[in-house]
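Good morning, and thank you for joining this meeting. I would like to take you through some helix packing, a helix face, and a few individual residues.

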Amino acid sequence: MRNEVSYYPEILSFIKNTLKSNFVAADKDSIEIYWGKGELKTNLKRIIAENPSVPACIVEYANKVQPLDLDVFALITDGYTFEIAILEVKLMKSVGLKEWSQLIGYCLVSDAKYGLLININNGCSSRLFDILRFENHMSEIINYANNNYHYHYLGFMQWNSITQNFEYTNLGFIRSLSMLSRKLIENFNH
């Protein structure tokens, strides 16, 4: 019986290939994606050590971010600025408000702009479904801290391990990897 961690390689490969393809189509092929599994601060420092050409703003962020034990995160950069996307990957009969709340908390503490809750081969509870369907403020969060507005865009998706593809649920702000790509491309238009 597989555990959720055993699915990470196929999920991350699919996401990276999809995002990179969309970046190339938008003439943004210089955007790079680096993955980290587990503790955020330590893995950011590993990525920096392995890629000394990352922008100084990432080093600054890695020095000040709180240690968080995440399932997976992506550091996405165009060489000048960066964004963090957090992926909470679950292998449960049904994810619910507890898992969604965990993702929100991680995004707020880390100031990650993007977050995806991914359940493998299953959906979400009817309660979470209703919240994400009708309460937009639960997936498009604006946080005011340190005299700045911080935006967080979240979504819920299902990973089908048989087809090795996402089944989009249209729940949350980020409804597909194409939408995530568009938001990232907007961030990197400078």
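Before the first helix pair, one convention: each axis is a line fitted to C-alpha atoms, for helices over the stretch in contact, and angles between N-to-C directions run from 0 to 180 degrees. Please also keep in mind that this is a predicted model.

Let me begin with helix 2, residues 40–50, and helix 3, residues 56–64. Their axes come within 9 Å and cross at roughly 155°. Since angles over 145 degrees count as roughly antiparallel, helix 2 and helix 3 are therefore described as roughly antiparallel to each other. The crossing of this pair is left-handed. On the side of helix 2, the contact is made by Leu40, Lys41, Leu44, Lys45 and Ile48, and helix 3 contributes Ile58, Val59, Tyr61, Ala62, Asn63 and Lys64. Sorted by class, the contact of helix 2 with helix 3 has seven nonpolar residues, one polar residue and three charged residues.

The second pair is helix 1, residues 8–25, with helix 6, residues 177–187. Here the axes are 9 Å apart, and the packing angle is about 50°. Helix 1 and helix 6 are therefore oblique to each other. Helix 1 passes helix 6 in a right-handed crossing. From helix 1, the residues Phe14, Ile15, Thr18, Leu19, Asn22 and Phe23 meet Leu177, Ser178, Leu180, Ser181, Leu184 and Ile185 of helix 6. By class, the contact of helix 1 with helix 6 has eight nonpolar and four polar residues, with no charged residues.

Is Ser181 buried or exposed? Its relative accessibility is 2%, so Ser181 counts as buried. Apart from neighbours within four places in sequence, Ser181 is in contact with Thr18, Leu19, Asn22 and Phe23. For Asn22, the C-alpha atom is separated from that of Ser181 by 6.4 Å, although the two residues are 159 apart along the chain.

I turn now to helix 5, residues 126–134. Which of its residues are buried? They are Leu128, Ile131 and Leu132. These three cover an arc of only 90° around the axis, which puts them on the same side of helix 5. As a general point, an α-helix has 3.6 residues a turn, so residues three or four places apart point the same way. The face turned away from the buried side of helix 5 carries the exposed residues Ser126 and Phe134. The cover over the buried residues of helix 5 includes helix 4 (97–110), strand 4 (114–120), strand 6 and strand 7.

Strand 6 also holds Gln158. With a relative accessibility of 17%, Gln158 counts as buried. Beyond neighbours within four places in sequence, Gln158 is in contact with Asn119, Asn122, Gly123, Asn165, Phe166, Glu167 and Thr169.

Finally, the backbone. Most residues other than glycine have a negative phi. Asn146 is not a glycine, yet its phi is positive, at about 50°. Asn146 sits in the loop between strand 5 (140–145) and strand 6 (148–160), and its relative accessibility of 71% makes it count as exposed. Gln164 likewise has a positive phi, near 50°, in a residue other than glycine. Where is Gln164? Its place is the loop between strand 6 and strand 7 (165–172). With a relative accessible area of 41%, Gln164 is partly exposed.

Thank you for your attention.

Notes: Residues numbered from 1 in each chain as written. Predicted model: local features only at pLDDT ≥ 70, side-chain atom pairs only at ≥ 80, totals over all residues. Heavy atoms only, no water. Helix = DSSP H or I, 4+ residues; strand = E, 2+ residues; numbered from the N terminus. Parallel < 35°, antiparallel > 145°, perpendicular 65-115°, else oblique. Left-handed = near helix turned anticlockwise from the far one by under 90°. Contact = heavy atoms within 4.5 Å. Nonpolar A, V, L, I, M, F, W, Y, C, P; charged D, E, K, R; others polar. Buried < 20%, exposed > 50% of the residue type's maximum accessible area, 1.4 Å probe, protein only. Arc of directions from axis to C-beta.
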